Structure formats: C-alpha cells, structure tokens
Amino acid sequence: TVSVLYCITSPGMPLAKVQEEPKSEGGVSLFYDTFGDSTNPCVLLIMGLNAQMILWHDAFCEALASRGFFVVRFDNRDIGQSTKLEDAGVPSVCSLLCLPNCCAPKPAYTLEDMAADCIGLLDALKIGKAHIVGQSMGGMIAQLVAATYPDRTLTLTSVFSSPGMANPEPSLKIKLAMAEKPKDDSREAFIVCRREMARKCFIPEKHWDEAAVDELHGRMYDRSTYMDGGFRQAAALLRQTSRMDRLKEIRCPTLVLHGKADLVVPFPNADATVKAIPTAKLVVLEDMGHSIMPAHYGPFCDAFVSNVGRLDSTAATEPIAPTDASS
C-alpha cells in the first residue's frame, strides 16, 4: 500500500514522500522536476539502473513538453537526491556478477516496490493518469506500472528494455565496465570513470560528444556521488520474478523503442517485449545504443505522439485526491 504523506515543492527542490519503507526510518521520498504546462497530459519518465533523472536530458524533456505534454522526471529510490536505503546493506559486486540470478543476494526491495513509488509520485502530484515511459530497468518498472495499475496508465513506452532478464544478456566485458568505480572521490575521477563507461557501453561512436558527456557527468557528481544504491537496485533487477503472464494483460497502446547498436540490452530483447505485450508496436532506431542522444529526440517524440494517437480520444488525465495516510 502506498501512503502519500506530504509533498514539498520548495523552489528548485521538489521532494515527494511517496511510500512507507521499513528499511528507511523516514519512508521513501522521490526528488522530481517538471517541464511544460501542468494542465497538459502527464508523461512520467522512469530512469534505469544506477542512473539519475538528468539522464533524461533537459533538451529531450523540453522537446517532449513542446509536443503538448507535462513531463515529470524523478530520481528512483536509492539514487540521486531521492531516499537512500543505507540500512539495507550493500550487495557485493562479485555476488551480483558471478552468481546465477536465482542465487543473487536477496533484494532490499523489488521492482514492484519501485513501480508503487511511481504511483505514489502521481498521487502526490494529484495526477490521475499518465503516459508511462521507462528506459532499461525503468522500462521494466514502466511495464509493471502498466500491468499493475491499468487505471493509472494512458500509454506505455518501453525503451531499450526487456520483458524479463535480458536475453541475450550483455557480455561480461560490458557488465564489468558498468561496475567500474572512480579511482578516487574527486569530481575529475568521477567524470573520467563515467566517460569511459559511456564510451564502452552506452553511446556509439557516431553520436559521441565528449564535451557534452563530461558536462552531464559533472552535473551528476554535483547532485550526488552516492553509489551503493545502484547495487541494491541491481539486486532487485536480478531477483525479479517473471512478469510474462502479466504483460499479456496490458491493453493500453504500447510503444517498444530500441536501437540496433545497444550493447547493454541487445536488440533481440525488443522482439521479445513486442511478443509479450499484445498492444505493442516496435520502432527501431538503427544507430541508437543504450542512450537517447540528440539525434534521436525527434524520432522518439514522433513515435511517442503516434502511439498516443492510438488512444481513445475520450481518455484524459483526471486529477485525483492524494491517498489519505491515516486510512
């Protein structure tokens, strides 16, 4: 059960407390920001594993908002400026990379809990329904939102994601590259580490812009350098239960968007997602890796608007009262 306890919207630092959490004394609070007119239909952007919300680039959010949407992005629990569940402990890299998924460390929380966080945020913002968009692990969370809360979901967009654990998985080389830590605590070391990770794993050479990559990672460092939450998120990812039967029940218009150059969630996962969701349509971006780059903003927005066009014109966002914490 999600309990919306309060919503703080002080200038520049909106923070919504969305859920009670036994492993966090103060519950779970999500840091978010918004783009566009709040009277427009809402688009909720869900980020992936160990990734701050600003990886939904400002210019991308502005492009989506310019199409007539109210765009909300947020830091998932355990990342950025949202609640860190430090008392839950930290799984070891070895246990996450070397053990079979069924033997991975017991997670402090599940992807279902993270989907409930999304609904708690919508409650806090008094948004009844939203277009749910997620990339990578965020795509898995978005699928769970659509399957579990169909009355809150207008459309679903699953971006370089999969209907379960990635199959095929990324290579061990890619997994190790994504687990790299900076050599020290300095801003420069953080930027260098993340630059190499992005170069090896996420961004094809065609779209490489080192200055932009470094600027983004500098902003990430300035927001938060907390890394342990990413390992807890990974445990939730690895120990996820099959949702194939639940995905078959999704009836909202669904867009599956994937790049042929993705090394983290290889392209065959897109076909598997389309087969799992009856209403899914696939859009392929040949030169996209595991990151939405400026060259993709236009094609992404076009495909998104086209998917929204499949929605019954009578379906609109209707504000709801936030959940009463005392009930």
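A residue is called buried here when its relative accessible area is under 20%, and by that criterion the buried residues of helix α4 are M137, G138, G139, M140, I141, A142, Q143, L144, V145, A146 and A147. The structure is a predicted model, and its protein has 327 residues, of which buried residues make up 55%. The protein contains eleven helices and nine strands. Among contacts between residues at least 6 apart in sequence, 76% join residues that are at least 24 apart.

- Because eleven of its twelve residues are buried, helix α4 is largely enclosed by the rest of the structure.
- Leaving aside residues up to four places away in sequence, I141 touches I46, N76, L111, M114, A115 and C118.

- R152 is found in the loop between α4 and β7, the latter covering residues 153-159, and its relative accessible area of 10% places R152 among the buried residues.
- The side chain of R152 makes a polar contact with the side chain of D123, at 2.9 Å.
- A polar atom of the R152 side chain also lies 2.5 Å from the backbone oxygen of G128.

**Cysteines**

- A search of the whole structure for disulfides finds zero.
- C118, which is one of the residues touched by I141, is buried with a relative accessible area of 0%.
- C193 also counts as buried, at a relative accessibility of 11%.

**Aromatic rings**

- Across the whole structure, a search finds five aromatic pairs.
- F69 and F304 form an aromatic pair with an edge-to-face arrangement, in which the ring centres are 5.2 Å apart and the angle between the planes is 75°.
- F69 lies in the loop between α1 (58-65) and β5 (70-74), while F304 lies in helix α11 (residues 294-308), so the pair ties together parts that are 235 residues apart in sequence.
- Both members of this pair, F69 and F304, are buried.
- W56, F60, Y297 and F300 form one aromatic cluster.

**Charges over rings**

- The charged end of R77 sits over the ring of Y109, at 4.9 Å from the centre of that ring.
- K260 lies over the face of F267, and here the distance to the ring centre is 5.1 Å.

Conventions. Residues numbered from 1 in each chain as written. Predicted model: local features only at pLDDT ≥ 70, side-chain atom pairs only at ≥ 80, totals over all residues. Heavy atoms only, no water. Contact = heavy atoms within 4.5 Å. Disulfide = S-S within 2.5 Å. Buried < 20%, exposed > 50% of the residue type's maximum accessible area, 1.4 Å probe, protein only. Helix = DSSP H or I, 4+ residues; strand = E, 2+ residues; numbered from the N terminus. Polar contact = N/O pair within 3.5 Å; in protein donor to acceptor, adjacent residues only side chain to side chain. Phe/Tyr/Trp six-rings, centres within 6.5 Å; stacked < 30°, edge-to-face > 60°. Lys NZ or Arg CZ within 6 Å of the ring centre and 35° of its normal.
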